[in-house]
Amino acid sequence: MDITGRDPLFDDDEEDPELQNQSEFVASKEFLVYLIDAGAEMLLPFDTKKGSFVQVSYLQSVLEAVEENLKQRIIGRDDKVGICFFNTIQKKNIQEANGVYVWSELKDLSADLIRSFSTLHENFQKEVGSQIHRPAGARENPLYDALWVVQAMLRSGTSKNVAKNVMLFTNNDDPFGDVDASVRQDMRRTTIQRAKDAQDLGIGIDLIPLSRPGEDFNLAIFYSSILKMEVDDEDGAQYLLAAANKFEDLKLKLRKKLYKKRTIRKMKLTMVGGTEIGIRTYALVRPSVPASHVWVDSRNNLPLKTERSFICYDTGALMAEPLKRFEEFQGKKVVMALDELTKIKNVTNVQLQLKGFKPMKCLKDYHNLRPPTFIYPDEEAVQGSYAAFIALHRAMLQQNKFAVAFYGSRASSQLVALVPQEEELADGLQLEPPGMHLIYLPYADDIRPTEKYHICSEASVPRASKEQVEAAAAFINKMKLDSWSVFDISDPAMQRHYAILQAIALEQEEESLLEATDTTLPDSKGIMRANSAVQAFKDAVYGPLHDQEEADAAAERAKGSIASQKRKAAAEVACKEAQNYDWGELADTGKLKDLTVPELKLYLTTHKLPLTGKKELIINRILTHLGK
């Protein structure tokens with residue numbers, strides 16, 4: 001792991017130099033406007049709060065989800081946010097448009113803003129009000145006016161260093177359903193044009209659809225035209241996310257929107273005949289690490305900028321020319337420029353070239369030696385990449401095959417497997433995205449034959465009995481986790497870290513923080529449910545009296561340990577007392593015979609000599625050890 005806290009194991013072999021050169025043009029902050037529908041449909045019951053029977057409306061759920069999103073956003077991001085409602089009774093905007101209420105202009109995210117927004121839940125109808133009934137023959141178009149207002153709110157900032165987005169919340173898939181037929185088509189056309197004008201100015205519109213009770217949100221009625229989606233196309237429909245139908249789904253969607261997808265590398269997949277498909281690679285799972293710290297000036301608290309200069313050792317002058325490298329060859333230094341080294345290291349210019357297809361049964365589990373990357377089509381790089389990629393993706397799924405391709409980078413090259421993955425949905429949420437996994441196939445040296453242990457033919461090979469096999473199978477089935485996922489385990493230290501950051505950002509007391517749930521601890525209740533299977537397996541393999549035998553053996557070991565401790569303590573005492581005698585002088589003067597047997601045994605115990613025998617034998621043993 002490097003000093004930035006990023007684990008290179010989850011990176012590609014080499015990040016695209018084009019992306020590194022474009023890093024200065026990547027948006028470093030975001031200007032975001034929450035555009036929330038406050039119409040009659042948003043007052044319908046959406047979800048039930050846990051632990052109570054109080055039903056919450058769609059509007060109330062959206063307000064709570066936005067508040068939580070603001071708390072998460074204030075921790076480590078330097079964004080500006082604005083909050084705007086449409087289909088409201090009150091109006092508050094520069095354009096004086098009816099049905100549009102700007103609760104907060106675009107401003108820096110602060111603790112005061114979040115605290116003030118948290119009080120809006122109870123006072124919304126009093127301060128803003130929801131437009132329940134549209135007057136007959138009304139020609140106002142609140143959605144059109146709202147898009148006009150948020151476009152004016154996002155006027156500041158350049159598109160090079162600021163990402164401008166609108167997050168639209170609604171459960172009404174037909175905003176012109178109750179409008180007179182004479183003006184409905186005109187309202188639809190002008191609203192779509194207003195959305196396209198905003199997108200031409202670099203403003204992204206992100207829809208957060210909410211499914212109404214008993215029916216799904218239908219994008220094809222209107223919003224597919226704003227989002228530039230071909231919902232009627234069967235191939236493109238599978239790439240659309242399902243609408244949220246629970247409060248937890250809504251919070252999860254906003255949490256995902258908070259973290260932008262970071263492209264590891266841009267490249268082109270070359271097909272037979274020279275056809276190219278633009279693709280991008282992503283790392284689906286990354287370790288969560290704390291954000292890197294920023295050095296600031298103690299006087300004004302402004303970030304410090306680090307500059308590095310090279311000084312000539314001989315003259316002391318600043319080095320203006322690029323540094324040169326050298327390699328020792330046969331005792332001589334061969335000097336090379338940086339561009340020469342770049343050319344030497346450039347193994348191949350091929351990015352990703354399709355070689356053929358093989359059945360999925362040919363791809364083994366042990367071929368996946370490192371975390372794979374996920375590839376997705378890039379329509380911006382090559383027009384038509386979506387259609388070609390989807391066609392290839394569907395054909396590989398239907399024929400149950402994977403593609404073998406040559407993958408080249410500036411540092412290395414190898415064969416890779418492109419494994420298609422079908423989209424998985426559950427309860428309106430996307431569990432797995434559609435696309436392909438790029439698996440780095442091993443070289444021949446990477447797969448080594450396992451060592452074979454040969455058992456002597458004369459000895460009988462132990463075999464488990466039928467009862468033991470059945471007991472083992474029952475034990476494994478009891479301990480099996482069917483619905484477990486790697487995302488079920490959270491880092492308690494990271495939870496505590498971000499909770500403290502949130503408390504600091506919102507100026508809360510640290511005592512108000514709740515202790516994070518440590519999901520890394522063993523599931524004691526789940527283990528208790530498998531106790532009977534564990535005991536049955538132990539009885540089948542080791543016998544029903546195994547526990548008693550182990551207890552008896554442990555008791556015997558404890559007794560032996562106590563006796564050993566006593567002997568060790570006696571030896572230590574004997575060593576200390578033996579130091580009071582000059583054994584060499586006693587042997588030379590013949591005074592060993594004047595000592596008692598216990599005194600003579602002090603010497604034997606110190607030097608770990610046998611203690612048996614009469615006094616004369618003990619004295620001879622001491623004289624022999626002393627070399628007398």
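This is a predicted model: local features need pLDDT of at least 70, side-chain atom pairs count only at pLDDT 80 or more; totals for chains, interfaces and linings use all residues.
Leaving aside neighbours within four places in sequence, tyrosine 223 is in contact (heavy atoms within 4.5 Å) with Leu143, Leu168, Thr170, Asn172, Asp173, Pro175, Leu207 and Phe217.

Next I checked the cores. A nonpolar core here is a set of buried Ala, Val, Leu, Ile, Met, Phe, Trp, Tyr and Cys residues joined through side-chain atoms within 4.5 Å; buried means under 20% relative accessible area, with a 1.4 Å probe and protein chains only. The largest one has 35 residues, and Leu35 and Tyr223 have the most contacts inside it. H5 (142-153) is one of the elements that supply at least two residues each. H5 gives the most, six residues. Apart from this core lies another of 31 residues, including Leu32 and Ile83.

Then I traced the sheet. Strands are DSSP runs of E with at least two residues, helices runs of H or I with at least four, both numbered from the N terminus. Two strands pair if DSSP finds at least two bridges between them. I read an open sheet of five strands, ordered S5-S4-S1-S6-S7, with mixed pairing. S5 and S7 are the edge strands. S4 and S5 pair antiparallel over six bridges. Phenylalanine 86 has valine 100 in S5 as its bridge partner.

Housekeeping: I number residues from 1 along each chain as its sequence is written. Local features need pLDDT of at least 70, side-chain atom pairs count only at pLDDT 80 or more, totals for chains, interfaces and linings use all residues, and side-chain values use heavy atoms, leaving out hydrogens and water.

Note on methods:
Buried means under 20% relative accessible area, exposed over 50%, partly exposed in between (1.4 Å probe, protein chains only).
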